[in-house]
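Me: I would like a close look at one part of this structure. Please keep the explanation plain and connected.

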Amino acid sequence: MTAVLLPGRPHIAYRDNELFVEQAALGALAREHGTPLFVYSRASMLSALAAYQRGFAGRRARICYAMKANSSLAVLQLFARAGCGFDIVSGGELDRVLAAGGKAGDVIFSGVGKTRAEMRRALELGIACFNVESEAELEVLSEVAMALGRTAPVSIRVNPDVDPKTHPYISTGLKGNKFGISQERTLEAYRRAAALPGLKVVGIDCHIGSQITEDGPYLDAMDRILDLVEAIEAHGIPLQHIDFGGGLGIAYNGDEPPAADALWARLLQKLDARGFGDRELLIEPGRSLVGNAGVCVTEVLYLKPGENKNFCIVDAAMNDLPRPAMYQAFHGIVPVTVTVVNDCDKRSWEVVGPVCESGDWIGHERELSVKSGDFLAVLSAGAYCMSMASNYNTRGRAAEVLVDGARTHVIREREKSADQMRMEKLLP
Ligand SMILES: *Cc1c(COP(=O)(O)O)cnc(C)c1O
């Protein structure tokens with residue numbers, strides 16, 4: 001038996017020309033459960049987490065999974081059992097954490113637009129920290145906490161103005177961006193937070209962007225955050241923790257992001273050198289924990305060769321895999337079964353879905369030898385796919401399977417039309 005690994009995806013490999021996730025053959029899973037089908041490797045998720053855990057061995061650190069990357073309950077359950085906390089951005093995500101067996105005390109709450117109702121519920125449940133993103137939010141949070149007779153633990157999200165060198169839609173730490181408070185306003189905001197009766201300052205945080213593939217932006221952000229910590233503490237406001245956010249990238253298309261443990265070895269060296277080595281640290285990784293643990297299996301419906309372009313129409317679409325349409329993002333697309341063909345059977349295909357939008361594409365100019373009925377695997381589909389999936393065109397959301405060695409668990413059933421229409425009412 002010959003095993004051919006896919007780079008950056010240690011638990012996804014061809015064996016005898018069939019693609020496997022751990023010990024589960026994707027072709028068999030697709031036939032059993034239908035397509036489009038998301039398949040995740042449990043071992044991949046846990047080994048991605050283990051790289052961070054190794055990086056922080058011997059430190060006071062808390063890893064809060066940024067669950068918007070993939071908020072399926074079983075995925076949250078896996079991370080909760082492995083000792084993760086959660087970074088949430090809505091009250092709905094808090095409900096999911098609790099439903100998955102996570103604890104409110106391990107939750108931090110980010111986001112620029114928290115509502116009073118979301119604040120109230122998070123306070124009542126006793127979350128660990130609110131990552132506050134504006135001065136106006138400080139005032140409202142204090143009011144809400146006072147009305148409940150509570151004190152809200154807060155960290156202020158600072159915008160360190162470093163360029164993460166990623167796509168503009170996923171860069172969040174530059175000036176002119178809606179996230180966080182500028183460095184110039186930070187001290188003032190901390191003084192206000194310290195003075196507000198409903199708040200207790202516990203930390204500082206930043207998150208500079210996503211799909212970051214170099215360590216430079218992190219090192220720069222760390223320097224700027226530590227400068228601010230010094231300035232804030234010089235004003236008599238102690239900070240218990242420093243939260244460096246998430247953002248570490250994955251290999252989508254030959255990208256070579258640093259490994260989490262290697263990145264943190266360098267960051268911790270800087271932290272130690274600046275005298276902050278024993279501070280409690282938080283991080284909020286999302287994509288790097290789940291992205292390359294997942295694939296989306298899709299069936300080729302029709303081939304439509306043309307004069308200028310050849311279209312390969314598959315049954316997954318922008319409602320299942322929104323990243324190409326949203327960010328012109330690249331997902332690898334590979335056959336589930338490799339058939340032995342000579343190269344002249346290969347063509348360059350535009351891989352597109354059935355949705356009625358020209359933006360509904362999955363991959364441009366992909367060299368594939370395909371025929372109708374074949375299964376293809378769309379790679380790197382563990383992050384920002386199912387959690388962003390929609391019902392556009394009244395398409396039911398896909399099913400999800402989690403593979404654990406040779407065992408497979410359906411963690412989400414395929415959505416039916418009746419599920420989609422359940423909340424709707426006809427006129428009298
Ligand atoms: C999205 C987000 C993250 C996670 O980003 P990844 O690139 O998926 O690691 C972390 N923190 C905040 C505040 C976020 O909005």
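At roughly what angle do the axes of helix α6 and helix α7 cross?

Reply: The model is predicted. In it, the axes of helix α6 (residues 135-148) and helix α7 (residues 183-195) cross at roughly 10 degrees and come within 10 Å. Angles under 35 degrees count as roughly parallel, so α6 is roughly parallel to α7.

The contact itself can be listed by residue. From α6, Glu135, Leu138 and Glu139 take part, and they meet Arg185, Ala189, Arg192 and Ala193 of α7. Sorted by type, the residues of this contact of α6 with α7 are three nonpolar and four charged, with no polar ones.

For context, here are some other parts of the model. Strand β6 (residues 61-66) pairs with strand β14 (residues 280-283) in the parallel sense, over three bridges. There, Arg62 stands opposite Leu282 in β14. Strand β6 also runs parallel to strand β7 (residues 85-88), and three bridges join the two. Cys64 has Gly85 in β7 as its bridge partner. Together with helix α3 (residues 73-81), β6 and β7 make a β-α-β unit, and this unit is right-handed.

Side chains make links as well. A search of the whole structure finds 21 salt bridges.

How values were computed: Residues numbered from 1 in each chain as written. Predicted model: local features only at pLDDT ≥ 70, side-chain atom pairs only at ≥ 80, totals over all residues. Heavy atoms only, no water. Axes fitted to C-alpha atoms, helices over the stretch in contact; angles between N-to-C directions. Helix = DSSP H or I, 4+ residues; strand = E, 2+ residues; numbered from the N terminus. Parallel < 35°, antiparallel > 145°, perpendicular 65-115°, else oblique. Contact = heavy atoms within 4.5 Å. Nonpolar A, V, L, I, M, F, W, Y, C, P; charged D, E, K, R; others polar. Pairing = 2+ DSSP bridges. Right-handed = clockwise from strand over helix to strand, strands pointing away. Salt bridge = Lys/Arg side-chain N within 4 Å of Asp/Glu carboxyl O.
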